[in-house]
Amino acid sequence: RIAQQGRMICAPHVWPDLGGLRVLRTMQILALVLCSCSGERSDCFLQCPVIPQMHPQLLSLFSGLDLVFIHMESSQYSLPCSPIDMKVTDATYHWVQDRADPKLISVTKEGHLLFQHFQAGNSGKYSCTISYKKHRVPVSQTFHYKIFGYHVPGGLDTVLLFHSTLCEDKWTKKFLWDLQDKLRQLEIEQHCKVQLTATFCFPSLNNPSDEFIIQVQLEVSLFGPQWDEPCNSQNVEKVTDCYRKTVQHNLSQVQLALTRFFKEHNSFYITGTDTRSINFTNEFVGFLKIKQCSEGYGQTRELQRCLDCCIACPPGTFSPPRASQCSPCPVGTYSLIYGMAFCTPCKDRMTTRVPGASSVTDCVKMERTQQVDFIIQRIPVLILIILPAILALNFLFIPSSCYWFCQEYWVLSRDPDQSPRASWRTGNITRLEMVISFFRQHLWASPAAGPASNTSDLNTTASQGGNEEPTDGASSPAMTSNLATVTNETTPVLTEDRKDTF
C-alpha cells in the first residue's frame, strides 16, 4: 500500500499549486521517502524526473557533488553525468561548458566527462543533460556542476654554479641545451618537471680575466607525468590526503635524485664547429623548498578537507607567480577564465568601472573625470621627463646670473662715489634728460614751434643770471648745463649760434 501511495504521488509530471515553494519542497521530500520505503527507489526516480529539476538545492541535499575539485595535472578524472546511480537503457548524454570559448569536451560511452592532465583553465561551470525513454515517454534531466582545479602546495628551487673559461651566449646556450637534455631522464624517473628559469654569467673573484661563473636557476614541479599513480584507487574523500603524502615523498626523492645527478655529471664538455672544447664544471648545488601556490592559484579555503590547498583563481581575479592569494583585477583590466596569472588590459581609451572585471564587455569608454584621472596618473611620468631639462636650464642660468651680478659690482667698486642707489638715480635722470632733449630739438627748435621772439626772450632770460624764474617752458641754468653735458655724452645734438638783434 505504501508503494502504491508512492507511485500515486510520483505519477504526476506537474505539481499542483499547494501554497508555495515550501509546500512543494515538502511534497518532494515526502515522495522521495515513500519511494525509498517501497524498495523501488530507482523506479521512482524514473517516473519523477522533475524532482532534481524543480529545486537545485535538493540535488546537493542527497548527492553533495555540486562543487567538484580536481587536482592539477591529474592523470585522469572521470565525472559522471548524474550523481545518482541511474539504471537506464539507450540514454544519451549532452555536456555543455559555460564559457565564451568552450574547449573540446571528451565524453565516455557511459556519459562520463573525462579530464586528462587537468589544468586550471579547465575549471568552470558544466551542465549535463541525460535523455532516455520510460514507457515510451521521453524523459530528460539536467545536472549542474562547478569544477575547480586545485593543487597541494609544494615545489623545489635549485641553484647551480658552474665554472667556465668563456662567457659567450652561443657556448652558454649549448651548455644549457645539453643540461636539459640529460635532465629529461630524471624527470621520467621521478615523475617531475624541471624548468629553467634564469641564467647569469659574471667574472670569478679569483681570476676575473680568465675564469667565469655561470649561475643556473631551476624550478622543479612535483606534478609530472603519472605523479598521482599511487592515489588512483582512492575515493574522493581520501584522495586529497594521498596527494599530500605523495607530494612530500616526491619532494625528498627529487632532491636526492638531483644531488646524485650532479655528482655523476660534474663536468659538461661542449664542442663547437671549430673543434674547440669548453668545459663547464659544477661547483655548487643548492635547494630551497617552497610552499607557495603556482601562478593562477590562491589559497581561498573553499576546499574544506584541504584548507591550505591552492584553488584556481576564478574569472575577475589573478595570482602572479609566488603569490598565495587571488587578487581582483585592477580597474582597466579583466580576466576571462580560471587560473590567470595576469589580467588583460582594456583597449585604448577604455576602462572598467570597478575592480574585478571578468569580461571584455566590462570595458567601457572613459568618462571625462576618468580621463582626467588617467592624465593625473601619468603626470609623474611627464615630470620625470621635463624635470631634467628644467634642472639643466637652472644650472646654466644661475651661474650666468651670478657672473653678471659680480661683474656689475666689480665695476661699481672701482668708483667709490658710485653706489647701486646712486647708479639707479643717475640712470633715471639720464633717461629724463634724453626725453627733454628730444622734445627740444623736434618741437621747440622747429619752424612751427612759434615766433622768433620767443627764442630771443629765452636766451635773454637765461643770460640774466637766473634771478627770475624761467618762462615759456625754459629750464634753469643748472638744468641747461646738465642737459648739455648728458646730450654730448649720449646723443649728438645739432646746435645753432644765433645773435639777438634788437
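Predicted model: local features only at pLDDT ≥ 70, side-chain atom pairs only at ≥ 80, totals over all residues.

Reader: Thanks! In which loop is the place of L336?

Author: Residues are numbered from 1 along each chain as its sequence is written, and side-chain values use heavy atoms, leaving out hydrogens and water. Strands here are DSSP runs of E with at least two residues, and helices are runs of H or I with at least four, numbered from the N terminus. L336 lies in the loop between β17 (333–334) and β18 (344–345).

Reader: Which residues does L336 touch, not counting those up to four places away in sequence?

Author: Contact means heavy atoms within 4.5 Å. By C-alpha atoms, L336 is 6.8 Å from G316, 20 residues apart along the chain. The residues L336 touches are P315, S358, S359 and V360.

Reader: At what angle do α6 and α7 pack?

Author: Axes are lines fitted to C-alpha atoms over the stretch in contact, and angles run from 0 to 180 degrees between N-to-C directions. The axes of α6 (residues 169–190) and α7 (residues 236–264) are 11 Å apart. Their packing angle is about 145 degrees.

Reader: Which residues of α6 and α7 make the contact?

Author: From α7 come Q253, V254, A257, L258, F261 and F262. On the α6 side, the residues are L179, K182, L183, L186 and Q190.
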